[in-house]
Amino acid sequence: MNNELHELFLDELADLLNAELQLTHALPKMAKAAQSRDLAETILSHLAETEQHVVRLQRVLSSLGAPPRNRTCKAMEGLLSEGAGQAKERRGSTALDAALIAAAQKVEHYEIAAYGTVCAWARQMAHTEEEAMLLETLHEEKAADEKLTGIAESTANLHAEQAGDR
């Protein structure tokens, strides 16, 4: 199969693979910077999932008989750079965890959009097995986003706000 949608699909999968690889390097730093144990554990738990996302993407590409494509996900580079800058600016601040969550959720929302797209393309091209693997990752990304929202709403945002009232 060598149509334009298929080529676009392969490019996006390569982009996602690079994005996930970038995350495997960034998430340990985020977990170390987190002030709350709950946030650090959530980030480390998602790191384990992210490592599986890499494996899953490699399986998808292999099942499609796709040769490796070297792509750099510029969007992920930007999101991670912005998040690192926020964390550095907020180091020692009661708003650090809120800033880390905001950065992590920007990443999750990017991934949700990208995985949603490749799932739709896989479905369009009748790549049923690949779609199932990609959907599994999409569901994990959405769950990670929900977990981050829960931490933000239950503790991180409140902690940052109350510290400002002192």
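This is a predicted model: local features need pLDDT of at least 70, side-chain atom pairs count only at pLDDT 80 or more; totals for chains, interfaces and linings use all residues.
Let's begin with helix H3, which covers residues 74-90. Its 17 residues reach 24 Å from the first C-alpha to the last, close to the 24 Å expected at 1.5 Å a residue. Which residues of H3 are buried? They are Met76, Leu79, Leu80, Gly83 and Ala87. Looking down the axis of H3, you will find these buried residues within an arc of 95°, so they line one face of the helix. Helix H1 (4-33) and helix H4 (96-124) are included in what covers them. Turned away from this buried side is a face that carries the exposed residues Lys74, Ser81, Lys88 and Glu89. After H3 comes glycine 92, with a positive phi near 85°.

Met76 also leads us into the largest nonpolar core, which has 25 residues. Met76, Leu39, Leu100 and Ile101 are the residues with the most contacts inside this core. H1, H2, H3, H4 and helix H5 (128-164) each supply at least two of its residues, and the largest share, six residues, comes from H1. Leucine 39 touches Leu100 and Ile101, and its other contacts beyond four places in sequence are Ala34, Asp97, Leu148 and Ile151. A second, separate core has 22 residues, among them Ile112, Ala114, Cys119 and Leu138.

Finally, have a look at arginine 56 in helix H2 (residues 37-63). Is this arginine buried or exposed? Arginine 56 counts as buried because its relative accessibility is 8%, under the 20% cut-off. Leaving aside residues up to four places away in sequence, arginine 56 touches Met133, Glu136, Thr137 and Glu140.

Definitions and conventions: Residues are numbered from 1 along each chain as its sequence is written. Side-chain values use heavy atoms; hydrogens and water are left out. Helices (H or I, at least four residues) and strands (E, at least two) are DSSP runs, numbered from the N terminus. Buried means under 20% relative accessible area, exposed over 50%, partly exposed in between (1.4 Å probe, protein chains only). Contact means heavy atoms within 4.5 Å. The expected span of a helix is 1.5 Å times one less than its number of residues. The arc is that of the directions from the helix axis to the C-beta atoms. A nonpolar core is a set of buried Ala, Val, Leu, Ile, Met, Phe, Trp, Tyr and Cys residues joined through side-chain atoms within 4.5 Å.
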